[in-house]
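Visitor: Please pick one part of this assembly and take me through it closely. I would like to follow how that part is put together and how it meets its surroundings.

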Amino acid sequence: MRPFSYERATTPAAAALAARARPGAKFIAGGTNLLDLMKLQIETPAHLIDVGPLGLDRIEETPEGGLRIGALVSNSDLAGDARVRRDYGVLSRALLAGASGQLRNKATTGGNLLQRTRCPYFYDTAQACNKREPGSGCAAIGGFSRQLAVIGVSDHCIATHPSDMAVAMRVLDAQVETVNAAGETRAIPMAEFHRLPEDRPHIDTVLPPGDLITAVTLPRPIGGTHVYRKVRDRASYAFAVVSVAAVLQRDGTGRVAFGGLAHKPWRVEAAEAALPQGAKAVAAIALAGARPTHENAFKVTLAERTLAAVISDARG
Amino acid sequence: MAGELELSRRGVLMVGGASAALATVSPAEAQTPPPDTAPTQMAVSFEINGADRTLELDTRTTLLDALREHLNLTGTKKGCDHGQCGACTVIVDGQRINSCLSLAVMHEGAKVTTIEGLGTPDDLHPMQAAFIKHDGYQCGYCTPGQICSAVAVLDEIRQGLPSHVSASLTDRPRATNEEMRERMSGNICRCGAYSNIAEAMAEVAGARA
Amino acid sequence: MKFDQPAGQNAIDQLKVVGKPIDRIDGPLKTTGQALYAYERHDVQARPAYGYILGSTIAKGRIRRLRTDRARSAPGVLAVVTAENAGTVGKGNFNTAKLLGGPEIQHYHQAVAVVVAETFEQARSAAQLVEVDYVKAKGAFDLAEAKAGAGDPKGGPEQSSTGDFAGAFASAPVTLDETYSTPDQSHAMMEPHATLASWEGDKLTLWTSNQMIAWSKGDIARTFGIPPENVRLDSPYIGGGFGGKLFIRSDAVMAALASKASGRPVKVALQRPLVINNTTHRPATIQRIRIGAARDGRITAIGHESWNGDLEGGSTEVATQQTKLLYAGANRMTSQKLAVLDLPEGNAMRAPGEAPGLMALEIAMDEMAEKLNMDPVEFRVLNDTQVDPEKPERPFSTRQFVACLRTGAERFGWSRRNPTPASVRDGRWLIGLGMAAGFRNNIVMKSGARVRLDGQGVVTVETDMTDIGTGTYTIIAQTAAETLGIPVERVVVKLGDSDFPAAAGSGGQWGANSSTAGVYAACMKLREQIVQTLGYPADASFTGGRVRAGRRNVTLASLASNGPLVAEDFIEFGNLGEKFQQSTFAGHFVEVAVDSFTGETRIRRMLAVCAAGRILNPKTARSQVIGAMTMGVGGALMEELAVDTRHGFFVNHDLAGYEVPVHADIPHQDVIFLDEVDDKSSPMKAKGIGELGLCGVGAAVANAVYNATGVRIRDYPLTLDKYLDRLPAIA
């Protein structure tokens, strides 16, 4: 870990301004991913702006009947919020399926969206990784890729996004609110927030450098049965091999997004129309164009079967 | 594809400024700071096990290393230093966290309870006593983290917070074996004392109920 | 004390203290965080400097150029040690690869430098400033590829043959010929390898985390070319080992070098992402098993071959070991072949040999039972043997194998198992029961101890024996208390210091039996001293803290009122182990549920029935077994070091990538110990238990998965990707 200076932020706009003023600065909130990466010198900020004091830790109802979740609301608090449990069960479930109790107490809503891949080659600084070191290559391609992406991949990167929460946010059509150094705010739909790797896998999201996430908003509840089904090798405290976030209505329609398959939460709205026909029909559309490796080809089957389990459970 | 890559590289002097995630502030082309920048020292004050402590620390010092290396509170263990084992679990402002993934300077004014603050050999916390009775440990290295977590888990259940295995998100959870096992899963015990830990927790939970 | 005749009635047989499930005496310290592990020895060194190890980023080749000037000039740095300035650094007898690499590199993450600084943060940061130019050499990293070229290990062929295996197998009416594979596995103990080193003149002290103090003291001396008497190791608490801390590792060597170079006490812990490739692992195996049987189920031919890889000069993973002894059959063969691989060093991990060997053999037995249309328990019972099948003149000292299986079957409800696979459902879950035999040889090792009786009547036991979570502190206290007739609270146990008498150490499940026998020997010597003093050797009794001999009836404390009484002795073993085959036995029973949609496997119930001699403390012994069962679940369902066969390293080298079981994976576990005393094993009449608990568990899980799904997987771990496409079709 390189030396860094440290300051506590006072307001969101001031934080963004401070960030612009200091080259090599980064925001730190929970720190559960950033410090992990700093210890390995995968992240090497020269300055940390602790946004903890900003107080963005409230969950408020919006005039539209939805919820506005402060960026610093912890994963535990979000999962435990009575309104989220009642109206956005898929989100509670996704959060509770992630990480551990200790990590959820520290990890924040904004930080969860911005966590980086768990690709083991990204984590080993001796290995080629275009995400960590642009242009160095991708050791994961042709390497140990069982956990890695099967769709939306490029010749430069087959990393997945590790978040469970983001998959639920995607299925709920959440929006990410940001502020920049000029004090301008933006709302970015979850659908657009995370990128595919293409030829710039080092850029995970569309968030411009220096901009700060202030909140995530959820539209008004859509009812239905909320399910988050996470498949992993051990029963807990592991990243998803495949996960499915779904909100299913009585008439068989609904929404579905997949985790563990791609560089971003994977939702294909066109495929949702096939939900009444069952998992196979949805998967055929949602996973068309999958380019798995020989080690992770099973994920395509697993995604379909997991969705089938979700539909089966929802129907009771 | 990428094929055989020549990985003979000059050490690990790598370019680190290229990433854009985690609200990266630096543009991708930002200069990597000179690596031998002098460390920054900062003062931090917190309450550890009921006592006010002020330390002057390198900003890089984790809460875990502040406890272990600066306060001789070595009951909190370093198993992985990356949030993957739970041995470093402490209770901060009433919530259990991994002290390895938190900077000490981020805890100005915090109240920290470590295993030493829960009880002593002559005055054991009920959870410590239950671990001894049920042999909920072997090598002992994960044990302080397990105990801190176990104490916090029973609190979380009492507060009515759901878990991954709760059948309903809206009903109050109960301290069942399945609930406790799920909630304790962030504390790895390679000696495999899980079955006994669950029994120790059940005894404490039952005594409280 | 020489143990060369079966033990008669002795002090241990009183069982007033031994055999009781008393709480661990180290429990209050461990549960309150007061037990100090190697990196925490602020009791002996208040302000050590910090060392941080840099590992090689290539698997094989050499260092072309190494520059340390930037690291040296970084803030707080006191020294940087590499092979260029370390002086002569040799290699211990127990190490295959050198612990300091350079210029030659033998494996990925082999240590190439240690940076010493005033603080941990400074050392870690400066380590990244060491610049190393490597020249990569081509290596062999793929066992499946290297298998064809595998040969005999350095000590000569490892094979056995009895009768006419080939002929009997060819003519057997029912046969099985299958190949199984087990992956590389990591010990993943919770405390990373760590050492605090300090030199005083030419004397070196290492406060470290090590299972085998005497071996390691010798290897430190050998590595640095110094006399053993100039080396002291101290290892009172060890945060798990499982074989990974049997030998000195780079933390010890680099801490010593760092201390020498900096003139300061220095502590070094291996950073977790370095542990897996820097240290040892259980090597992967490929195993071929052939079994031939008559139609009545009697085995007529049994053959087991195993292949594994290791660095040049390494050794075999003796996966065929149990097959020589577990089942009857007149015609038998085993063979072990070793391929040279340039992966990190393979070595012992809990139950080396039997653990992976039984993972294969006990699936094969399950398959064979099915071919014979026999119940798996009955098939094993039918093929029990009470003698060494290779040397029928050698009986087992005790062998309650059949009782383990029968008791387990009854207690587990085995009769409710549906032998037709994939026929039991619980909602979405496919339910299966599986069982397997557990077997592990009992090894005995010379072991010494010193006991001191003081004027307060307190007995202090000193031995370099270690407690790696095994309960050693407690069973040694029980042994001394029993032998000397005092309450366990009057015994102080000091372990892990090489200045104490050399003991068996913790390995090969020999520790409990051997070390307590050594303590028994020392206590008996103390008793002799006392009765000699009292003059009535024949009828002395030691009870309630008093000695009664003839007309004398005195407290132990009074005998030491003029100064402590000290006795030292060791147990050494004659040839009873050659005359009698000493082994431990278990029956493992498992119920699994496999999600019919996703293939996720969850353990619902587990039972182990063990026959392993006298159980010295049922509480700590049970913990050994449940812990081993937990590790067995890991081996069955998730544990695998992923080999990058291009670059030659284990890719998933941290605790997020290398998954071991968590709380949620493990249900309540049941353990039953059969009553047993083995008078041929030691005066304690005990045997090992800590590894037995692991042996066979993996296969029991695998067999249960088969029973649940009808899909037979012969390639561990049984991750869902291996059978997903063979689960019931979904709507």
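## Where the chains meet

Guide: Between chain C and chain A, the rule finds 4 salt bridges across the interface. A salt bridge here is a side-chain nitrogen of Lys or Arg within 4 Å of a carboxyl oxygen of Asp or Glu. One pairs Asp595(C) with Arg229(A), with the closest N and O atoms 2.6 Å apart. On the side of chain C that touches chain A, the residues divide into 18 nonpolar, 9 polar and 10 charged. Ala, Val, Leu, Ile, Met, Phe, Trp, Tyr, Cys and Pro count as nonpolar; Asp, Glu, Lys and Arg count as charged; the others, Gly among them, count as polar.

A word on the ground rules. This is a predicted model, where local features need pLDDT of at least 70 and side-chain atom pairs count only at pLDDT 80 or more, while totals for chains, interfaces and linings use all residues. Residues are numbered from 1 along each chain as its sequence is written, chains are lettered from A and ligands numbered from 1 in the order in which they are written, and side-chain values use heavy atoms, leaving out hydrogens and water.

Stay with chains C and A for a moment. In this interface, 37 residues of chain C are in contact with 39 residues of chain A; contact means heavy atoms within 4.5 Å. The two chains bury about 3100 Å² between them, and 54% of that is on carbon and sulfur atoms. Among the residues of chain C, Arg124(C), Phe597(C) and Glu659(C) lose the most area to chain A, together 17% of what that side buries. Buried area is the accessible area (1.4 Å probe) that two parts lose on being put together, summed over both. There are also 18 residue pairs in polar contact between chain C and chain A, both at pLDDT 80 or more. A polar contact is a pair of N or O atoms within 3.5 Å; within protein, one must be able to donate a hydrogen and the other to accept it, and residues adjacent in sequence count only if both atoms are side-chain atoms.

Helices (H or I, at least four residues) and strands (E, at least two) are DSSP runs, numbered from the N terminus. In order from the N terminus, the elements run β-β-α-β-β-β-α-α-α-α-α. Of the 209 residues in chain B, 66% are buried. Buried means under 20% relative accessible area, exposed over 50%, partly exposed in between (1.4 Å probe, protein chains only). Take the contacts in chain B with a separation of 6 or more: residues 24 or more positions apart account for 51% of them.

Zoom in on helix α3 of chain B, residues 126–134. Its buried residues are Met127(B), Gln128(B), Ala130(B), Phe131(B), Ile132(B) and His134(B). After α3(B) comes Asp135(B), with a positive phi near 55°.

Where they meet, 17 residues of domain 1 are in contact with 18 residues of domain 2. About 1400 Å² is buried between them, with carbon and sulfur atoms giving 56%. In domain 1, Arg96(B), Ile115(B) and Leu118(B) lose the most area to domain 2, together 46% of what that side buries. The rule finds 1 salt bridge across this interface. Arg96(B) also meets Glu156(B) side chain to side chain in a salt bridge, 2.9 Å from N to O. On the domain 1 side, β3 (89–92) and α2 (115–118) of chain B each supply at least two residues. The largest share, 4 residues, comes from α2(B).

Finally, chain B meets chain C. This contact takes 77 residues from chain C and 67 residues from chain B. The two bury about 6000 Å² between them, 53% of it on carbon and sulfur atoms. In chain C, Thr31(C), Met190(C) and His663(C) lose the most area to chain B, together 15% of what that side buries. There are 5 salt bridges between these chains. Lys77(B) and Glu40(C) form a salt bridge through their side chains, 2.8 Å from N to O.
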